[in-house]
Amino acid sequence: MRFWIIVLFVTIVPSLSFAKKDAKKEAQEAVSEKEMGQTRTNTVFGISPPVVDLVCVPGQRVSTVVKIENPASVASRFMMEPLGLVVDDRSGFTYRPIASLPADHLSRHIILEAPEVKIPANSSKNVNIFIDVPNTLTGTQYTGINISNASPGMSEDDKKKEEYKVNVGFGLQPAIAMTIKCHISGTEKQAYSLKKIEIIRPTGNQPPSATADIRNTGNSEIKLNALLILLDSEKKVVTRMKMARTEYLLPGATMKVVFQPSFKDVPNGSYKAIISSVDSDTKLPPLEQAVVVGK
C-alpha cells in the first residue's frame, strides 16, 4: 500500500510543475503580443547581409541565413516572403509576380524557416532560408526575400504632425529586400561586348573622362574592374583611365561604365580604345573599338 502511495505522489508532482511552466509561458507570450501591438515612433529595422552569394548544385538544396535586427524599445513582428527577382536589360533588377515566372525560377523554390518572425526589443534573430535548386538552371540565377516590419507604426495624429517626414520615408511601414545570387556550379560562362564608347572632352577645370556601354553576353554575372587605354595611329599610349568603381554586370544586361578623369589631355583625332580587366577573378579578353575625339 505504501508503494502505491509513493508512486502516485511522484506522478502528481511533475504534473503540477508542468502546469506552472505552461502558465508562465502563456503569460510571457501574452505580454509579448500586447507589446507588439503597441504603436511606436518608427518601424525602422535592419538586415544583414543585404546580398548573399551562393554556390548552387542543380538538384540539391542550399541554405543561407538572414539576420534581422530590431532596434525598437518594444518587441516587433516581421513578415518574410520570396521575391520574383529578374534581370532587366536597361534597369538591372526588376520585380515580377512569382505566379508569372517560369516553374524553375528560384523564387518558386524558396523555403522559409518561418514567414513571420517575432523579435524582442533591442534584439536580433537569425532566420534560415532554403532553396531547392532545379536541375534545369545554368549560369547565375537571382531571387530575393522581402522583409517588412508588420508592427503598428505611429498613430494617425503623430503622422499628421510628422507629415513633412513622410516624403523621406518616416512614419511608413518599411520593407527591405535581400538579394540572393545563385551561381550554378559548373555552368557559368563569361562573355561581354562593347557597344559604345565615348570620350568626354574637358570642360572648365574638369579633365577628360570616358564612358562605355558594355553588354554581358554570357550567362553569368561579371565582376568588372577595368582599365581604358587609348592608342594613337603609331600605337603609342595617349592616356589611361581607371573605372570609377567596380561594377557587377548582370547576364543579358547592358551597363554604362564610367571611367575616372585623366589629367592628361586627349588631342582631337582617331584612336583605338582598349578596355581590359585588371581583376584577377575576371578572365576575359580585352575589348577594342575605334573612337574619334573632337570631330
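How much space lies in the largest pocket? In this predicted model, the largest pocket holds about 170 Å³ of space. Its lining is made up of Leu 85, Val 86, Val 87, Pro 102, Asp 104, His 105, Leu 137, Thr 140, Gln 141, Tyr 142 and Pro 251, and these residues divide into seven nonpolar, three polar and one charged. Two strands, β4 (76–88) and β9 (140–149), each supply at least two residues of that lining.

One of the lining residues, Tyr 142, leads on to the aromatic rings. A pair of aromatic rings is described by the distance of the centres and the angle of the planes. The structure holds two aromatic pairs, and in one of them, formed by Phe 93 and Tyr 142, the ring centres are 4.9 Å apart while the planes stand at 70°, which is over the 60 degrees required, so the pair counts as edge-to-face. Because Phe 93 belongs to strand β5 (residues 92–96) and Tyr 142 to strand β9, this pair ties together parts that are 49 residues apart in sequence.

Are the two partners buried or exposed? Tyr 142 is buried, since its relative accessible area is 4%, whereas Phe 93, with a relative accessible area of 29%, is partly exposed.

A further ring contact involves a charge: the charged end of Lys 181 sits over the ring of Tyr 248, at 4.7 Å from the centre of that ring.

Conventions:
Residues are numbered from 1 along each chain as its sequence is written. This is a predicted model: local features need pLDDT of at least 70, side-chain atom pairs count only at pLDDT 80 or more; totals for chains, interfaces and linings use all residues. Side-chain values use heavy atoms; hydrogens and water are left out. On a 1 Å grid over the protein atoms alone, a cavity is a set of points where a 1.4 Å probe fits but cannot get out, and a pocket is an open set with protein on both sides within 12 Å along at least five of seven lines; lining residues have an atom within 4 Å of a point. Grid points are joined across faces, edges and corners, and a volume is the space filled by probe spheres set on the points. Helices (H or I, at least four residues) and strands (E, at least two) are DSSP runs, numbered from the N terminus. Ala, Val, Leu, Ile, Met, Phe, Trp, Tyr, Cys and Pro count as nonpolar, Asp, Glu, Lys and Arg as charged, and the others, Gly among them, as polar. Rings of Phe, Tyr and Trp (its six-membered ring) pair if their centres lie within 6.5 Å; planes under 30 degrees apart count as stacked, over 60 as edge-to-face and the rest as tilted. Buried means under 20% relative accessible area, exposed over 50%, partly exposed in between (1.4 Å probe, protein chains only). A charge sits over a ring if NZ of Lys or CZ of Arg is within 6 Å of the ring centre and within 35 degrees of the ring normal.
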